[in-house]
Amino acid sequence: MDALGAYTAYDFTWGAAHKSQQLLETSIRKYANLNNVVFQQKTLAELTNMQTTTGDTRKKNIVTLTSAFPSFNASSELMFLEYSDICLTGTRVEPWGSGERFVGGTYDAGPVLFYNDSIPGLPSVVWGPMENFQTAVSSARQGRDQLSFGFNGKMRSLPKGWTHSILLSFGHDPTASLLEWGDALMKYYNTKRTPMDANPTLRSLGYATDNGAYYYYETLPNENYEQTIKTVNSALHSSALPTQMYQFDSWWYYKGPHDGCVKWEAMPSIFPDGLGFLGGSTQLWLHGRFWSKDNVYWHNYTFYTETTSPADALPLETTFFEHIFSVNKPYGLILYEQDWMSNTLFRMNGTYDNVHKADEWLFAMAAGAAKVNVFVQYDSAYAGQILHGVKYSNVHQGSSHIDYRPGNSQWRNTLHNLLHWTAGLVPWKDGFWTTETQTGCRYVNESGCYEPNPHLQTVMALLTGGPVTNGDKLNMWNTTLLSSTCRSDGVLLKASRPLFPLAMAFKMARKYNVDKTLNPFGLFPHIGHTFSKIPGSRAVGNFHIVMAAANLTETRLNPVDLPNAKALGTYLAHELHDPDKIFEFSPKNPIVVPELKTTGTSHAICFPQPCQVKVPFRLWNIAPVWPCKATNCTNFVFLGEQNKIVAVSEQRVDYVSHDETTGHLTARILGAADEKVILRIAEPAGRSWTVLVVSCTFGYNGVAELQCTTGPTPCSCIPQ
């Protein structure tokens, strides 16, 4: 019995041929839950002189293994998903073939998924590390079908009793299988997925100054950063945008040689009045990068350094992080963003060849943050580092892709979202612009200061699930667009989980990879799904959202294609671009996802460099039609809020109750004091539907009740 439950073990011991000493034990654990198998290596003695890769390996991907367990042969007919490289930029879904395009190594260190796209339901299997996430390796032998898992070949030694485990899970489709694999990880570490509104950065509208934002290392003319942010803050609130949180990037603190951080405090030249200059209830999300050897803290706290890495110092003490967070906590610090994670890991040899160093760093960070009630975000990480976040309940989120730039395509992140949620983290899309042209920006040589898809960027920022943080130029933000993401008090109106790929996207992936005429860049299909789970007095079902962009072929979508949907159920759907067109969605009336080809330059991938490509997209909000038992009932259907990206969200709707005899509808609606919202309800009219529009104004407590019954005025909203 272990944290995953009861199991049957099959153990094998290993030793050197010229010695009688047992060195290693391997174990296969088959659990009563047939979805999980664990493959474990355990050292029975201290192992030394283990390296199979020598020399200076900084910034290199180590694909050799010291010891491989398990190894298996994969059929060339299977498809595979691999998460690779910095910010998951090497993520790919391709035919396995001979394994020649599989990257693996320390640049991967995440789960590897195989699925059979020739069988309905896409049966899938996931393999990945269960521990030692930052030193784990997966490796494919070139020209052969064998895939192996273990720890990297740079490792010099291992202590007696050290273990390395690989977790296998399998399920009925790739998305469900990865989530079940993540469920097992969280069960093992006794952690849970971060709620979508777990901290203020996830709950409320914010403003970003990170790479890609207008005011990234830029200020207003003849003003310092303090004056610039004050001006922006005042203008945002004058625009009725209730921004409550600011992200400050690396420009605010002291840096030394090689641009490493030397002191994590505000420079007087940046903020003459200190970090608390905004005052009031403003909350801060503060960036941190790698640490310089010349930092001012080294004489009081333990840092790991090495002569081969002149720039870097790795902090290893909880008390260090507790100190720096405590200094800035009084000014509104709520979230620490650890950026440059991959660089920090791979610019040193010691984080490769020592099994403890990298883990000590992230443990100290999480433990120090917990001491002062600060939350942590992982940024610019490898897959293994993202998985490491599963161990800590206060590591809430991670950046889902490479940095935003006006015009680039880092909005393509459904696969990235899936890995973060698998590890229990909420993904952040990054900042974005909400209008097309913002002159005078620092990115003029890359994009001409032009963002061709502000609506798409905003939609994906919200559906990704993490913070929604525009980075627009002063007074160049689109107030209407930003208001479609939140309530009047800034509370974000979210779905209940991030946007993930539908199974049909994995089904289409082979054609997208094989047909280079159709898809010269090998892009994964962007057809995603999420939902809002709203409580009710009876099982009313989920409210679904489907989003597609740059779709290369027409596709038909049925209720059976949606996770947690009723396969034979009936729904009402409407498009974000055409909300007045309500139509039935059922097995007889599928949603037709049209061909959505890009316009502009031919460089359709726009990654990592921007390009001026307009990307068409479609988004459908889908509401369940609840059955009535009586033949003459008036079957009201709750469509949700008008002019919002997510029409039905937990932050707006507390519950929906539907009477199965009369069809009457009751809903508890949430909002800010004195806020006015417009709700839409569908009423049957013969074989079609009539849309009823109801205005709801909240009292001081921000609660109202929607009631729909038969009569001359069927629906009303009453403040509570």
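Student: Is Glu436 buried, exposed or partly exposed, and what is its relative accessibility?

Tutor: Glu436 counts as partly exposed, because its relative accessibility is 32%; buried means under 20% relative accessible area, exposed over 50%, and partly exposed in between (1.4 Å probe, protein chains only). This is a predicted model, in which local features need pLDDT of at least 70 and side-chain atom pairs count only at pLDDT 80 or more, while totals for chains, interfaces and linings use all residues. Residues are numbered from 1 along each chain as its sequence is written, and side-chain values use heavy atoms, with hydrogens and water left out.

Glu436 is the salt-bridge partner of Lys614, with 2.8 Å between the closest N and O atoms; a salt bridge is a side-chain nitrogen of Lys or Arg within 4 Å of a carboxyl oxygen of Asp or Glu. Lys614 belongs to strand β33 (residues 613–614) and Glu436 to the loop between β23 (426–428) and α10 (444–447), so the pair ties together parts 178 residues apart in sequence. Helices (H or I, at least four residues) and strands (E, at least two) are DSSP runs, numbered from the N terminus. Lys614, at 35% relative accessibility, also counts as partly exposed.

The structure holds 17 salt bridges. Among them is the pair Arg652 and Glu641, whose closest N and O atoms are 2.9 Å apart. Arg652 sits in the loop between β35 (637–641) and β36 (653–658), and Glu641 in strand β35, 11 residues apart. Both Arg652 and Glu641 are buried. Through shared partners, salt bridges join Glu641, Arg652 and Glu675 into one network.
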